[in-house]
Each structure stands twice: as C-alpha cells, then as structure tokens.
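Here are a few friendly notes to read alongside the model. Please take a look at it first, then go through the points in order.

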Amino acid sequence: MIRRWVAWLVVLVALSAMATLRLADRKERMPRPGPSAVRHHTPSPSGSSSDVTGGGS
C-alpha cells in the first residue's frame with residue numbers, strides 16, 4: 001500500500017513540476033506591454049462620418 005502512495009506522490013510531483021515549467025516558459029514568451037503601449041479601441045458614434053465629410057446639410 002505504501003508503494004501506491006509513493007507512486008501517486010511521484011506522479012503528483014512530476015505534474016506539478018511540468019505545470020510550473022510551462023507557466024514559467026509562457027511568462028517568458030509573452031511580451032509585457034507598458035502603460036503607453038496599451039490601446040483602447042473606442043467605436044465612433046454612428047452619425048460622425050456624415051458630420052466629418054460635410055454631407056449633413
């Protein structure tokens with residue numbers, strides 16, 4: 001019975017190590033954008049295109 005617990009413990013340790021290495025690798029690959037690189041997309045209002053081109057009146 002102790003052998004089963006040891007086997008499961010080895011499996012859990014191996015899975016934890018693999019998950020930790022994967023997470024560390026992912027953090028290295030992803031570039032961290034600075035505050036100036038963050039872009040917020042704001043949709044333009046529906047009537048603004050006719051106002052800009054002067055087609056309203």
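**Notes on the fold and surface**

1. The chain has 2 helices and 0 strands, where helices (H or I, at least four residues) and strands (E, at least two) are DSSP runs, numbered from the N terminus. This is a predicted model, so local features need pLDDT of at least 70, side-chain atom pairs count only at pLDDT 80 or more, and totals for chains, interfaces and linings use all residues. Residues are numbered from 1 along each chain as its sequence is written, and side-chain values use heavy atoms, with hydrogens and water left out.

2. Of the 57 residues in the chain, 0% are buried (under 20% relative accessible area, with exposed over 50% and partly exposed in between; 1.4 Å probe, protein chains only). Helix 1 is hardly covered, with 0 buried residues among its 28.

3. Val11 lies in helix 1, which covers residues 2–29. Val11 is partly exposed, because its relative accessible area is 38%.
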